[in-house]
Amino acid sequence: MTSKPSVTGGACIIASVCVGAGMLGLPSAGAGAWTSWSSLAIILTMIIMTVSGWMLLEAFKPYELTASFNSVTKDLLGHKINVFNNLTVYFVGGILLYAYITSSGLILSGLLGINSQFASVLFVLVFSCFVWHSTRAVDRISVVLIAFMVLSFVFGVSGLAANIDATRLFHSLTEELGQAPYALAMLPVALTSFGYHHSVASMRAYYGEEQKAKQAILGGTLIALALYLLWLLSIFGNLPRNAFGPIIAKGGDVDVLLGALASVIESKRVSNAINLFSMAAILSSFIGVGLGVFDYLADLFKFDNSRAGRAKSWGVTFLPPLVLSLLFPFGFLVAIGYAGAVATLWTCIIPPLLAWKVRKAARNGNQGEGFRAPGGILMIVLVILFGVLTAAFHLLNMAGLLPAYTG
């Protein structure tokens with residue numbers, strides 16, 4: 001008898017999709033806002049992104065379990081909006097995979113002493129096999145990776161925690177108020193840190209129902225939030241605020257952040273644990289994001305689930321970001337910022353609109369009762385407003401119209 005998928009496994013998939021971008025991008029993105037405002041920005045973003053994921057789940061309920069973001073958006077909002085949504089979903093998934101491939105190449109290059117481009121190719125060829133194989137394989141490796149991340153994280157953070165300088169975490173009231181505007185530019189990176197939405201259809205199909213998928217989403221975002229807050233406290237408690245200047249100047253590249261941490265950690269074991277944790281975070285997110293993009297493109301291009309069909313899905317999922325990573329590598333934080341700005345469309349705007357359409361159809365008697373995301377029209381408006389403002393903050397930041405911390 002086949003065992004039913006556990007909520008824990010699904011929560012680990014959702015958490016693994018989130019943590020790579022967030023764990024490695026948030027310290028540099030939050031250096032301006034520092035501890036208090038960064039924490040508030042992350043908590044607010046987690047709440048909004050969890051609710052918007054539930055709204056997407058609600059929109060799927062009248063459809064077959066094989067239905068995806070693509071097919072549901074096309075049916076409810078029309079072909080033109082769906083084409084634009086497809087482009088943004090692929091752009092964000094692709095640029096995240098691109099960022100993970102580039103960062104993994106840099107880290108593996110340092111660990112193994114090989115060329116960073118060769119390391120990136122090796123990384124993709126080995127670890128994308130889990131996605132090609134099956135969702136269950138991703139579930140199992142995600143649980144292992146999350147457990148490994150927790151162990152290396154606890155060991156690494158316990159070493160960092162022993163050296164935390166509380167005076168670094170919090171400043172005077174005047175300084176804290178002056179740091180508030182920097183949180184606005186941080187929001188796109190915070191939003192990307194909870195960008196699991198392309199995996200919602202995979203979760204629903206995996207469980208065969210909405211309620212367990214809802215629990216997995218909440219569990220995953222709570223795991224991610226807890227890890228983010230612990231990580232930020234540990235980093236900010238050890239690195240002085242002005243030490244982030246060189247890291248930001250290099251585009252927030254992960255290897256530069258790890259190098260800065262290594263310079264203030266006396267224990268080699270703690271330093272190695274943090275490096276291993278960072279690699280596991282990138283790997284888990286690479287696999288989790290890869291699964292969501294893989295399933296999405298399989299539905300979009302109508303590739304079947306045979307070995308040949310999955311090979312085609314693998315090609316369109318992993319080869320473009322790999323080629324771009326080899327040809328045009330640039331800063332991790334830059335890539336994550338772009339991803340966050342574009343992701344607002346399919347994480348905070350399209351899901352509320354889809355939920356509104358489904359609710360409208362239910363009122364007209366065209367749809368049955370079932371799973372429903374919390375909140376009425378006010379919640380729909382708030383989620384959309386959050387998305388619009390986050391995208392606007394990114395554009396303003398790019399134009400130099402928002403305060404930018406440079407160290």
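Student: Where do I start with this model? How many helices and strands are there in the chain?

Tutor: Start with the secondary structure: the chain has 18 helices and zero strands. Keep in mind that this is a predicted model.

Student: How do I read the overall shape? What radius of gyration does the chain have, and what would a compact globule have?

Tutor: The idea is to set the chain beside a globule rule. For 407 residues, a compact globule would come out near 22 Å, and the chain has 20 Å, so the two agree.

Student: How do I read contacts along the sequence? What percentage join residues at least 24 apart?

Tutor: Take the contacts between residues at least 6 apart in sequence: 85% of them join residues at least 24 apart.

Student: Now the charges. How many positive and negative side chains does the chain have?

Tutor: There are 23 positive and 16 negative side chains, with the centres of the two sets 6 Å apart. In general, side chains of opposite charge can pair when their charged atoms come close. Here the count is two salt bridges.

Student: Which side chain does Arg-359 meet in a salt bridge?

Tutor: Arg-359 pairs with Glu-58, at 2.9 Å from N to O. Arg-359 sits in helix α17 (residues 332-363) and Glu-58 in helix α2 (residues 34-60), so this pair ties together parts that are 301 residues apart in sequence.

Student: Are those two partners buried or exposed?

Tutor: Buried means under 20% relative accessible area. Arg-359 has 5% relative accessibility, so Arg-359 counts as buried. Glu-58, at 1%, counts as buried too.

Student: Which residues form the other bridge?

Tutor: Glu-210 and Arg-204 do, with an N to O distance of 2.8 Å. Glu-210 and Arg-204 are both buried.

Student: Could we follow one residue through its surroundings? Where does Ala-201 lie?

Tutor: Ala-201 lies in helix α11 (residues 200-207). Its relative accessibility is 14%, so Ala-201 counts as buried. Leaving aside residues up to four places away in sequence, Ala-201 touches Phe-60, Ala-67, Ser-68 and Phe-69.

Student: How far is Ala-201 from Tyr-296 in sequence and in space?

Tutor: Ala-201 and Tyr-296 are 95 residues apart in sequence, while their C-alpha atoms are 8.6 Å apart in space.

Notes. Residues are numbered from 1 along each chain as its sequence is written. This is a predicted model: local features need pLDDT of at least 70, side-chain atom pairs count only at pLDDT 80 or more; totals for chains, interfaces and linings use all residues. Side-chain values use heavy atoms; hydrogens and water are left out. Helices (H or I, at least four residues) and strands (E, at least two) are DSSP runs, numbered from the N terminus. The radius of gyration is taken over C-alpha atoms; the globule rule is 2.2 Å times the number of residues to the power 0.38. Contact means heavy atoms within 4.5 Å. Lys and Arg count as positive and Asp and Glu as negative; His and the chain ends are not counted. The place of a charge is taken as NZ of Lys, CZ of Arg, CG of Asp or CD of Glu. A salt bridge is a side-chain nitrogen of Lys or Arg within 4 Å of a carboxyl oxygen of Asp or Glu. Buried means under 20% relative accessible area, exposed over 50%, partly exposed in between (1.4 Å probe, protein chains only).
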